[in-house]
Amino acid sequence: MDLPTPSPSPSPSDSPPPVNWDSLDALVLDFVRSDRLIAPSASPSPPSSPSSSTTTATSSSSPSTSTSSSYCSRILIRLARRALEAGDVDAALALLRAQAPAALLDHRLLFHLHKQRFVELVRSGTEADREAALDCLRTALAPCALDAYPEAYEEFKHILLVLIYDKDDQSSPVTNEWSIKRRFELAGLLSSILRAQLRAYDPILSMTLRYLISIHKVFCSRQGISSPISDLTERLLFEDRDLPAVPQECSVEAPPFDEVDVQALAHAVELTRQGAVDSLKFAKGDLYQAFQNELCRMKLDLSHLDKLVHEYCVYRGIVEGCSHALPGTSDLKCSQNTDVSSINKQRANSETHLECEMADNQDGGCSTSDITYHDSWSKRIRKDRSSTSGQGRRKRWRGRSDDLNYACETPANADHEILSPSFDMDEDVLIQKQDLVADSVFSDTRDMQDQKYEVILEMRDLTRKGMASEVVDEINDIDPGFFTQNPVLLFQLKQVEFLKLVAGGDHVAALKVASSHLGPIAASNQALLKPLKETLVTLIQPSENVLTKAVSLPVLASSLQLAISRRLGIEEPQLMKIIRTTLHTHTEWFKLQMCKDHFDHFLKIDSLKEIDPSVSHSMSKAPTDECGNGSSQITTCSSGKVPDEGSSPQVLSEVACDESAIIKVMEFLALPRADAIQLLMQYSGDAETVIQQIFS
């Protein structure tokens, strides 16, 4: 009997839904605080920890908070991993003895470490190291082999062959033991064990990205479509994983785990059923701890993630621009040129360069006619140079530093950022010194990009406050042609102005706005007639809260930010593209699965999708920042039997499949949920019949 075939490839006609960028801001802020990527503020506020809201799991399964001890533990794991990958087992053992001695109580792990140390000592080839290798055999490896695990003594006898077979002999029986790959496997195993023992889980953002990208890849593979962000995801998330930690007890009996938990874990992180059982066993039945253990086994390119986060932080105004980054961050996207002669040359041409750059991005060239509106933007940017109010409210990017000595010296009650010794000075003094350098040397060059962001962020912040008329007037003053190319944004801003007047009881002025602006714009765009009518209805409604109920200002502010950014030649951050696309495929994937994601609340995915309901009826349906240039569009062609995400199969008359039947087919046939449901639908929801047909 043939298994069900995947659904047809999705149609690209529908655009992805909006994303709650404020929720992503909170996750990003937690990430940069947790990994100390920003300099400390004078009056630090408690980090926005994703673990603040509880899940259905026990308290032990809550996401890890941004504590100093967790940060220190993550650095310890990274340093121990690097030592093992370099073949320096002694350094790894020294780290463990000093910082995590409890890990060495695991005799299985200790045996692997001593075995690798023995190989590395023989590999070095000196007489002294060979003597040290023999001493390691007698005093460490042999005693440990007696009680590590049942197969350990046989492995101990096998490893002795390393003494007589050369490492370059590809036909020897110990080729695998000689392989450099063993270093990386052991490093991954050690990381998995330490992470679970120390509860040193990565910040929620990095775990969420792992999860969303892995689902995105599975979805694209199953649907037979190419990923529009494959160039980004392949650089960020590697294919290989760390080895899993295994429970020390050797029970052959399967523990009585709930099959729903087993299947949820297996399909969430692509494990076999036995792999999911082993993972739950290691986590003592805690589903959410097992889920974190498995997610953190997926390898991320941390340096690349830092660059994506930094780009996003600058774009969203979370951190100051590139000219305000602390020392040691010049390897990021906004590189700094410190050559004085080059700076002097750039200073002379900086204004003309800005005008030409903006003209190139908009029209493809820099001509006299092109400079007219670019000149107005550039004048505004020059005017803003004397103002630092926006920059003063933002964090300063520090960059990553894996220095265990200073990381672990943080006071127990310090939950916030600390500076490495190279930054160990009063922050105000450091900022003053840096600003002096910037004002005297760099202000006419690298600050230019920062000032673009200042203009954009000012317009965004005014929009979020509901100051629509001020935004329209300001943009018209500096770029009269902007709203000619973005009429929907003008309609939405005037819609806010109208509603604000209605809320204040000034109906006459509101009608004047509607007749002068909303009506003419809607007349040239039929899609705006419906939101125009809904806006006018507010005239007869109670005035209180009419603005907050009818309009999502954060969504409008994000749309305006994107439009102005493109006008100034600033591309959307790559992290936004990744989140938008993977959130959409996450939704489509669980439509195929016909169930709700067990882990969407745990990873804050539900909050990323949570948009003000007013977006769907009061704001225009016309394209905004969610479906403009650079956005990725993937949808699936669903039949009438596919419920929305989160719907239960039992409540749908078309899908008469009992949840226990679905789980049973998934368990016995090792099938994905969607395939199990399709088979059950073919046989009237009878799991026994399905299993009999498969094995007949």
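Lys 284 lies in the loop between α12 (273-282) and α13; helices here are DSSP runs of H or I with at least four residues, numbered from the N terminus. Phi of Lys 284 is near 55 degrees, a positive value in a residue that is not glycine. With 77% relative accessibility, Lys 284 counts as exposed; the cut-offs are under 20% relative accessible area for buried, over 50% for exposed and in between for partly exposed (1.4 Å probe, protein chains only).

This is a predicted model, in which local features need pLDDT of at least 70 and side-chain atom pairs count only at pLDDT 80 or more, while totals for chains, interfaces and linings use all residues. Residues are numbered from 1 along each chain as its sequence is written, and side-chain values use heavy atoms, with hydrogens and water left out.

A positive phi of about 55 degrees is also found at Met 594, again not a glycine. Met 594 sits in the loop between α28 and α29 and, at 7% relative accessibility, counts as buried.

A search of the whole structure finds 8 aromatic pairs, a pair being rings of Phe, Tyr or Trp (its six-membered ring) with centres within 6.5 Å, and the planes counting as stacked under 30 degrees apart, edge-to-face over 60 and tilted for the rest. Phe 291 and Phe 602 are edge-to-face, at 6.3 Å centre to centre and 70 degrees between the planes. Phe 482 and Phe 483 form another edge-to-face pair, at 5.1 Å and 80 degrees, and both are buried. One aromatic cluster is made up of Tyr 211, Tyr 288, Phe 291, Phe 599 and Phe 602.

Residues up to four places away in sequence aside, Tyr 211 touches (heavy atoms within 4.5 Å) residues including Ala 268, Phe 291, His 586, Asp 597 and Ile 605.

The search for salt bridges over the whole structure gives 31, each a side-chain nitrogen of Lys or Arg within 4 Å of a carboxyl oxygen of Asp or Glu. Three of them are tabulated below.

| Salt bridge | N to O distance |
|---|---|
| Arg 183 and Glu 120 | 2.9 Å |
| Asp 202 and Arg 210 | 2.9 Å |
| Glu 588 and Lys 591 | 3.5 Å |

Arg 183 in helix α8 (residues 181-198) and Glu 120 in helix α4 (residues 107-124) are 63 residues apart, so this pair links distant parts of the chain. Arg 183 counts as buried at 13% relative accessibility, and Glu 120 at 11%. Asp 202 and Arg 210 are both buried. Glu 588 and Lys 591 both lie in helix α28, 3 residues apart, about one turn of the helix. Glu 588 counts as buried at 5% relative accessibility. A network of salt bridges links Arg 81, Glu 85, Arg 195, Asp 240, Asp 242 and Lys 299.

Conventions: Helix = DSSP H or I, 4+ residues; strand = E, 2+ residues; numbered from the N terminus.
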